[in-house]
Amino acid sequence: MTKPDLMMLCPQRPAAMAQLDAAYRVHRWDLAPDKEAFLAQHGPACRALATNGHAPLTRQMLDLMPRLELVACSSAGFEGFDLATMAQRGIALTNSSPALCDDVADTAILLMLAARRGLVAADAWVRSGDWARKGPFPLQTSVAGSRLGVVGLGTIGQAIAERGAALGMQVSYWNRRDKGAQWRFVPDLVQLARESDTLVAIVAGGEGTRGLISAEVIDALGPQGLLVNVARGSVVDEEALIDALSSGRLGHAGLDVYASEPDPDPRLTSLPNTTLLPHHASATVQTRDAMAQTVVDNLAALFAGRELLTPVDLGAYLPG
Ligand code: DGY
């Protein structure tokens with residue numbers, strides 16, 4: 001039996017690659033020297049495409065794949081994709097949010113606790129001998145009993161809210177619409193920031209959320225406030241963030257993502273009131289394997305005529 005053709009824009013984890021190589025004729029666009037010619041040659045045969053959201057998927061590329069039915073994405077984010085064209089052509093999208101939910105939620109909590117307890121500075125205090133020389137490390141701030149605002153109550157936002165509640169925090173959230181969840185819904189983001197000690201951003205990236213965490217939101221969070229961003233750098237007005245952190249109008253930021261990756265703004269990386277990770281929230285062996293497996297499983301579902309496992313509602317990400 002001939003294997004179905006699969007266009008691959010980004011390689012997947014080894015275990016997933018082995019399964020894909022066994023089941024499909026995999027066309028490695030990522031390795032092709034002339035990418036347009038490669039798509040023109042192999043694109044017409046492909047009903048499916050495997051990629052991740054950090055690679056672009058433009059209208060021109062989609063035009064070269066006229067039979068495309070599914071874009072199977074191994075990341076949660078997909079801000080480089082031309083969703084309007086996909087929706088217009090009825091091309092389905094699957095992503096990996098459920099697979100990375102726990103690790104990303106854990107990372108939000110990790111950044112929050114590290115920032116509130118001064119983990120990075122405390123580690124340096126021990127290593128440098130300051131403990132013996134200068135005495136006890138300064139007292140830090142509890143999270144138990146404090147107020148957590150979750151910006152975006154999707155799958156991962158829910159998991160962050162649950163973890164915050166387990167730490168004894170009072171949880172509220174902002175979302176485009178009331179999710180009817182057990183947490184307090186605050187429809188005004190500035191109000192949520194004003195009523196939070198820690199604000200965690202976990203919304204999808206893209207034009208719809210660009211600059212959502214605005215200067216006004218940052219100022220409402222205030223000098224004792226902590227902003228944690230495990231969403232996308234584009235979600236935060238980074239100029240306003242740097243300004244507020246430098247002047248003390250915002251207390252601290254715990255960041256996994258940046259406007260410019262992998263070379264964040266040096267003004268940000270030189271500030272002492274930041275705790276930083278290199279876009280690593282989902283970066284564990286177990287989770288990256290599980291994310292790649294969602295690609296394998298969704299492709300298998302498509303070709304078996306079964307329901308897709310982790311479909312994305314494109315309509316929710318289109319303007320209007
Ligand atoms: C995602 O899945 O979108 C994460 O940012 C890792 O790529």
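Mentor: Start with Arg 232 and Glu 79: their side chains form a salt bridge, with N to O at 2.6 Å. A salt bridge here is a side-chain nitrogen of Lys or Arg within 4 Å of a carboxyl oxygen of Asp or Glu.

Trainee: What should I know about the source?

Mentor: This is a predicted model: local features need pLDDT of at least 70, side-chain atom pairs count only at pLDDT 80 or more, and totals for chains, interfaces and linings use all residues. Residues are numbered from 1 along each chain as its sequence is written, and side-chain values use heavy atoms, with hydrogens and water left out.

Trainee: How is the protein divided into domains?

Mentor: Domain 1 is 5-98 + 286-317, and domain 2 is 100-276. The bounds come from an automatic or database domain assignment. Their C-alpha centres lie 32 Å apart.

Trainee: How many salt bridges are there between domain 1 and domain 2?

Mentor: One. There are also seven residue pairs in polar contact between them, both residues at pLDDT 80 or more. A polar contact is a pair of N or O atoms within 3.5 Å; within protein, one must be able to donate a hydrogen and the other to accept it, and residues adjacent in sequence count only if both atoms are side-chain atoms.

Trainee: And how much area do the two domains bury?

Mentor: About 820 Å², 53% of it on carbon and sulfur atoms. That is the accessible area (1.4 Å probe) that two parts lose on being put together, summed over both. On the domain 1 side, Glu 79, Ser 97 and Thr 287 lose the most to domain 2, together 47% of what that side buries.

Trainee: Switching to the ligand. What surrounds it?

Mentor: Residues with a heavy atom within 4 Å. Among them are His 54, Ala 76, Gly 77 and Arg 232.

Trainee: Which polar atoms lie by its oxygens?

Mentor: A polar side-chain atom of His 54 is 2.6 Å from a ligand oxygen. For a polar backbone atom of Ala 76, the distance to a ligand oxygen is 2.7 Å. A backbone N or O atom of Gly 77 sits 2.9 Å from one.
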